[in-house]
Amino acid sequence: MKNIGFIGLGTMGMPMAVNLLKNGYPLTVYNRTAPKAESLQAMGASIAKTPAQLAKEADVIFTNVSNDQALLDVVFGKDGLMEGIRPGLTVIDCSTVSPDTSRKVAAELEAHAADFLDAPVTGSKPAAEAGTLVFMVGGKPEVFEEQLPLFEVLGSKALHMGVTGSGSYAKLAHNTIVGINAVGLMEGMSMAAKAGLDPNQFLEIVTAGGANSRQAELKGMKIINRDFSNQFSTALMLKDLLLAQKLTSGFQLPAPMLQAATSVFQMGLSKGLGDQDLSSVIQCYEEWMNKKIVKAPPGAAGPKSSDRRRANRISLGIKLLLSVYQWEQEGSFSGQNIEGVLHDLSESGIQIGSRFPLSLDMFVVIHFPREANLPPITGKIIRIESKEGEFRYGCMLSGLPPYTRIKLEEYIKLQTEK
Ligand code: NA7
């Protein structure tokens with residue numbers, strides 16, 4: 001069995017190293033902050049004092065460090081890998097770095113008859129722990145093939161993307177989508193919270209609908225539970241987006257979404273959220289909207305009161321004033337005010353009742369009681385029923401602004417809970 005080395009026992013590196021040990025690989029580890037390696041020693045790993053020492057002993061070395069500079073330090077720095085380099089060594093870098101840095105390291109290793117694969121991963125801490133990372137790999141295809149068994153231990157998929165640097169390109173494009181997606185989720189969740197919606201219920205809609213994403217699945221509940229423990233930090237997300245911006249400006253490719261997402265994470269970093277999970281950036285939105293996204297109190301989950309009411313067929317019976325308009329002839333109409341009650345509200349319409357006979361296609365302006373603090377709403381009569389001496393009118397509401405609808409639903413909920 002090959003001797004494996006591992007450099008960088010951070011959030012991602014540590015569980016990856018653990019999985020190599022669990023699969024029986026002889027493992028030697030190095031971490032800049034040495035005590036972090038001790039738990040692995042207890043599991044059977046050897047500890048190297050320097051990357052140079054590791055290079056002298058291992059057949060394959062994984063590196064998984066913070067950024068470009070960290071990789072350059074462990075390779076070219078004092079006591080770095082280059083000081084122990086020997087022909088036949090393969091270095092697999094899983095850090096997210098710029099393709100230029102990947103190429104620079106690959107060229108230096110090649111000059112010493114050693115190989116290099118840029119092999120960044122997708123999947124944060126939970127996937128690293130479960131051994132379900134996805135590797136995107138750049139480098140020589142035959143080197144990739146040779147190392148496939150190692151990728152299979154650590155991940156669920158490994159794709160060879162092309163020449164050296166291709167893995168890094170793929171990762172930066174991938175994380176551009178992640179960053180934009182995460183910000184989109186936070187923005188939507190903030191909007192829903194500001195409108196007074198239950199965040200759990202809203203997230204249920206998101207994950208069941210067209211807005212679902214891995215970010216919604218991974219970060220939605222973390223946001224609601226205010227669990228900002230690190231899976232993928234704000235600082236590292238920002239680092240990736242800044243690297244991606246360098247790429248897009250090099251390509252002269254406009255990337256407005258990337259810029260917007262970068263700014264949000266930049267603000268998160270300025271707020272001191274760099275070491276926390278990227279979902280912690282929700283706190284910026286909370287500050288802007290002056291409201292926290294919090295779990296609904298126990299008992300609040302389940303069907304909305306409107307659903308319960310409909311299930312029990314209870315009429316709302318809220319008193320209304322209706323202004324009714326009818327076209328008389330081209331360019332003029334007659335209007336009158338009548339009394340009515342609100343019976344129901346559905347997705348697209350409203351059911352009102354009145355003792356006054358009205359006709360199909362009439363327009364009704366519905367005025368709510370002053371306490372409702374709602375603007376008048378216009379509906380067109382599309383259905384008429386007669387029941388117990390009262391007419392029931394189904395009115396189509398077109399162009400009802402979402403905010404007004406939410407306010408109306410809140411008002412109805414209040415009335416039914418009285
Ligand atoms: P972490 O948890 O921040 O871990 C970073 C690791 O990199 C950690 O072991 C650090 O050692 C090490 N590091 C950082 N700078 C250096 C230098 N200059 N020299 C040697 N070692 C260094 O990051 P993650 O595990 O979440 O992510 C790792 C990479 O994967 C990153 O590129 C992500 O974007 C994707 P320390 O313990 O601080 O001494």
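Residues are numbered from 1 along each chain as its sequence is written, and side-chain values use heavy atoms, with hydrogens and water left out. As the model is predicted, local features need pLDDT of at least 70 and side-chain atom pairs count only at pLDDT 80 or more, while totals for chains, interfaces and linings use all residues.

The protein chain is assigned domain 1 (4–163), domain 2 (170–289) and domain 3 (307–417), with bounds that come from an automatic or database domain assignment. Between the C-alpha centres of domain 2 and domain 3 there are 40 Å.

Helices (H or I, at least four residues) and strands (E, at least two) are DSSP runs, numbered from the N terminus. Helix 1 is mostly covered, with nine of its 10 residues buried, where buried means under 20% relative accessible area, exposed over 50%, and partly exposed in between (1.4 Å probe, protein chains only). The buried residues of helix 1 are Gly13, Met14, Pro15, Met16, Ala17, Val18, Asn19, Leu20 and Leu21. After helix 1 comes Gly24, which has a positive phi, near 85°.

Met16, Asn19 and Leu20 of helix 1 meet Leu150, Val153 and Leu154 of helix 7, contact being heavy atoms within 4.5 Å. By class, five residues of this contact are nonpolar, one is polar and none is charged. In this scheme Ala, Val, Leu, Ile, Met, Phe, Trp, Tyr, Cys and Pro count as nonpolar, Asp, Glu, Lys and Arg as charged, and the others, Gly among them, as polar.

Helix 4 (residues 68–76) and helix 5 (residues 99–110) have axes that come within 10 Å and cross at roughly 10°, so these two helices are roughly parallel to each other. Asp68, Leu71, Leu72, Val75 and Phe76 of helix 4 touch Thr101, Lys104, Val105 and Glu108 of helix 5. Here the contact holds five nonpolar, one polar and three charged residues.

Turning to helix 8 (residues 166–194) and helix 12 (residues 256–270), the axes come within 9 Å and cross at roughly 65°, so the pair is roughly perpendicular. Helix 8 contributes Thr176, Gly179, Ile180, Ala182, Val183 and Met186, and helix 12 contributes Met257, Leu258, Ala261, Val264 and Phe265. Nine of these contact residues are nonpolar, two are polar and none is charged.

Just after helix 13, Asn290 has a positive phi of about 55°.

Finally, Gly389 sits in the loop between strand 14 (377–387) and strand 15 (390–396). Gly389 is exposed, with a relative accessible area of 55%. Ser354 is 35 residues away from Gly389 along the chain, and their C-alpha atoms are separated by 9.2 Å.

Notes
Axes fitted to C-alpha atoms, helices over the stretch in contact; angles between N-to-C directions. Parallel < 35°, antiparallel > 145°, perpendicular 65-115°, else oblique.
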